[in-house]
Amino acid sequence: MKTNFLMGAAAMAGLMTLSACGGANNQADAPAATATETTAAVETPAPAAAPAAADGATLEYASFTTDVAAGEKVFASCRTCHVFDEGVNRVGPSLHKIVGRESGSVPGYSYSDANLASDVVWTSDVLFEYLEDPKGFMPGTKMAYPGVKDAQKRADLVAYLEAQSK
Ligand code: HEC
């Protein structure tokens with residue numbers, strides 16, 4: 001109740017700011033963003049039926065039941081920049097046998113320093129974490145991809161990467 005009232009107030013404030021001075025977008029945006037965040041926080045408990053959520057720990061890849069075919073669909077968003085063929089680099093490096101590979105190890109691909117220095121082995125767990133937020137996981141990476149936020153979709157994607165790495 002209280003939250004709804006506050007959100008309403010925030011939205012109203014946003015509207016009023018907007019109509020008061022149409023050009024001041026920055027000011028109008030601030031309360032709107034707060035309202036969105038409040039909504040997200042309130043809704044979070046509902047879809048949190050994910051396996052590992054109960055203990056409050058971060059989700060692990062292993063706690064998901066995965067669907068390789070669904071993962072292939074998620075991979076469509078990677079395909080613009082990556083293929084699995086060995087030695088074929090596009091905007092991003094070849095993902096040939098990516099699971100178990102060391103970061104920055106494709107010959108002839110011009111990696112960022114961040115990737116080269118990361119010293120990461122792309123296990124399924126590491127990929128699951130990285131692909132949620134590549135730039136957060138590896139600050140300075142030149143992979144321009146926001147990440148797959150939905151944990152189930154991300155788990156399916158990693159399962160697909162695993163299947164392609166066999
Ligand atoms: C807009 C292009 C683009 C998209 C889309 C993209 N990537 Fe990348 N990816 C890159 C680039 C560029 C790099 C090299 C990063 C660096 O050197 O910092 C990279 C690096 C990687 C690496 C590290 C490879 C290595 O050899 O260390 C992995 C793993 C990866 N991407 C997986 C994915 C997956 C999975 C997706 C889809 C969910 C995806 N990428 C989407 C451009 C992209």
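Visitor: Among contacts in the chain between residues at least 6 apart in sequence, what percentage joins residues at least 24 apart?
Guide: This is a predicted model, in which local features need pLDDT of at least 70 and side-chain atom pairs count only at pLDDT 80 or more, while totals for chains, interfaces and linings use all residues. Residues are numbered from 1 along each chain as its sequence is written. Two residues are in contact if their C-beta atoms, placed from the backbone, lie within 7 Å. Of the contacts between residues at least 6 apart, the share joining residues at least 24 apart is 48%.

Visitor: What percentage of the 166 residues is buried?
Guide: A residue is buried if 20 or more other C-beta atoms lie within 10 Å of its own, exposed if 12 or fewer, and partly exposed in between, with C-beta atoms placed from the backbone. In this chain, the buried part comes to 17%.

Visitor: Are α3 and α7 roughly parallel or roughly perpendicular to each other?
Guide: Axes are lines fitted to C-alpha atoms, for helices over the stretch in contact, and angles run from 0 to 180 degrees between N-to-C directions. Helix α3 (residues 68–75) and helix α7 (residues 151–164) pack at about 95°, with axes 7 Å apart. Angles under 35 degrees count as roughly parallel, over 145 as roughly antiparallel, 65 to 115 as roughly perpendicular and the rest as oblique. The two helices are therefore roughly perpendicular.

Visitor: Which residues of α7 make the contact with α3?
Guide: On the side of α3, the contact is made by V68, A70, G71, E72, V74 and F75. Facing them in α7 are K153, D156, L157, A159, Y160 and A163.

Visitor: Which helices are included in what covers the buried residues of α7?
Guide: The buried residues of α7 are A151, R154, A155, D156, L157, V158, A159, Y160 and L161. Their cover includes α5 (124–130) and α3.

Visitor: How far apart are the end C-alpha atoms of α7?
Guide: The expected span of a helix is 1.5 Å times one less than its number of residues. For the 14 residues of α7 this gives 20 Å, which agrees with the separation of its end C-alpha atoms, 20 Å.

Visitor: Is L95 buried or exposed?
Guide: L95 lies in the loop between α3 and α4 (113–118). Not counting residues up to four places away in sequence, L95 touches H82 and F84. With 23 C-beta neighbours inside 10 Å, L95 counts as buried.

Visitor: How far apart in space are T123 and V99, C-alpha to C-alpha?
Guide: T123 is found in the loop between α4 and α5, and its 15 C-beta neighbours inside 10 Å make T123 partly exposed. Leaving aside neighbours within four places in sequence, T123 is in contact with V99 and G100. T123 and V99 are 24 residues apart in sequence, and their distance in space is 5.3 Å.

Key
Helices (H or I, at least four residues) and strands (E, at least two) are DSSP runs, numbered from the N terminus.
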